[in-house]
Amino acid sequence: MGDKRIAYIDFIKVFAMFIVTIGHCAQSLSCQTFPEKVIPNDFFVSIHMPLFMIASGFVLNFKKIREIPITDYIYGRFLRLIVPMLIWILIYSVFTVSIPSIGDFFIRYWYLSALFCSLVVFRLFSFLFKNDVALIVSSLLFVIAVPVFKTSLTNFMFPFLIYGVLLRKFINKMNVGYSVLFGSVFVLIYIFYWGLEHTVYLSPFDISNINKGMIISFFIRLLIGIAGSTFIFLIASHFDSHPIVQKFSKYGRYTLVFYTMTTVINGFTLRFLSFIGFNVTNPLILDILSIIFALLQMWIIYKFAKRVEKNKYISKFLLGI
């Protein structure tokens, strides 16, 4: 990945993390997987994880990836993504008084697993293919065709990683008209075709049990994720130098710990509220409290991360940096 941080990319990552956290807060406060809210549950779900993965692909540099020995690259990604994930799974288990299962290592923080698997595939195929187009096409077909990549929803996320790589090549050539185009496509798909039944959580892609509905859902997810994410990228890139973007981009360095630690906090909250028999049912109040709770969590975690990163060993194990 690139060494120089791009302000609006970090801002996008923080924004994506924020809407992910709002959803988790709503689940914990309502004690429901898909609670009734004024802001529809499927609205954020349609875009938040694709936005993350596209941002990850946006900063990939194939030339630098090829320069790093395969074993060193995989080991480095393992330390940065999987080791913190395993530690936070254990922490989650302590705070929720639960015993981690094998499934937890692929589901609890599935995005980190999917990103790790995707990067490993890229590195292995970059050894086989020196041409970037051949690398992209071959690796994509491989991930889509091999059933094991349904694990951690890697086959869902991988196309967005590739799109992020391509987007970086063309984003500077896109004017404001493109933002209108992608924004319109997103709105049209959301209004006429999108629904919770198409989300990857309810309709995962499994090549071994392929059917028409699964294929339709796969492409709807792909199109709405690309359209909505590209719209956000174009708007954010236009305001790259804006003080708000510059200010919030500093949080982008800590998205891994935002992701892992908010899951722990919300898991504990869900466990506690379920124990005392309390939950928020009013849709408007749930939305408001979820937003406030998400902001509070991210502020606390940022303060925590700033302290932790002073120790390079603890920082590596908990923050992945």
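These legends go with close-up views of a predicted model. Local features are taken at pLDDT of at least 70 and side-chain atom pairs at pLDDT 80 or more, while totals for chains, interfaces and linings use all residues. Residues count from 1 along each chain as its sequence is written, and side-chain values use heavy atoms, with hydrogens and water left out.

View 1. Rings of Phe, Tyr and Trp (its six-membered ring) pair up here if their centres lie within 6.5 Å; planes under 30 degrees apart are called stacked, over 60 edge-to-face, and the rest tilted. That rule gives 25 aromatic pairs. Tyr8 belongs to helix α1 (residues 7-30) and Phe58 to helix α3 (residues 48-58), so the pair ties together parts that are 50 residues apart in sequence. Helices here are DSSP runs (H or I, at least four residues), numbered from the N terminus. Tyr8 is buried at 8% relative accessible area, and Phe58 is buried too, at 2%. (Buried is under 20% relative accessible area, exposed over 50%, partly exposed in between, using a 1.4 Å probe and protein chains only.)

**View 2. Phe186 and Tyr190 make a stacked pair.** Their ring centres are 6.3 Å apart and the planes are at 20 degrees, so this pair counts as stacked. Both residues are in helix α10 (residues 176-192), four residues apart, or about one helical turn. Phe186 is buried at 11%, and Tyr190 also counts as buried, at 18%.

**View 3. Arg77 sits over the face of Tyr73.** The distance from the ring centre is 5.5 Å. To qualify, NZ of Lys or CZ of Arg has to be within 6 Å of the ring centre and within 35 degrees of the ring normal.

**View 4. A look into the largest pocket, about 960 Å³ in volume.** A pocket is an open set of points on a 1 Å grid over the protein atoms alone, where a 1.4 Å probe fits, with protein on both sides within 12 Å along at least five of seven lines; lining residues have an atom within 4 Å of a point. There are 34 of them in this pocket, and His24, Gln27, Thr33, Trp110 and Tyr201 lie nearest its centre. Helix α1 gives the most to the lining, with seven residues. By class, the lining has 19 nonpolar, 13 polar and two charged residues. (Ala, Val, Leu, Ile, Met, Phe, Trp, Tyr, Cys and Pro count as nonpolar, Asp, Glu, Lys and Arg as charged, and the others, Gly among them, as polar.)

Technical notes
Helix = DSSP H or I, 4+ residues; strand = E, 2+ residues; numbered from the N terminus. Points joined across faces, edges and corners; volume = space filled by probe spheres on them.
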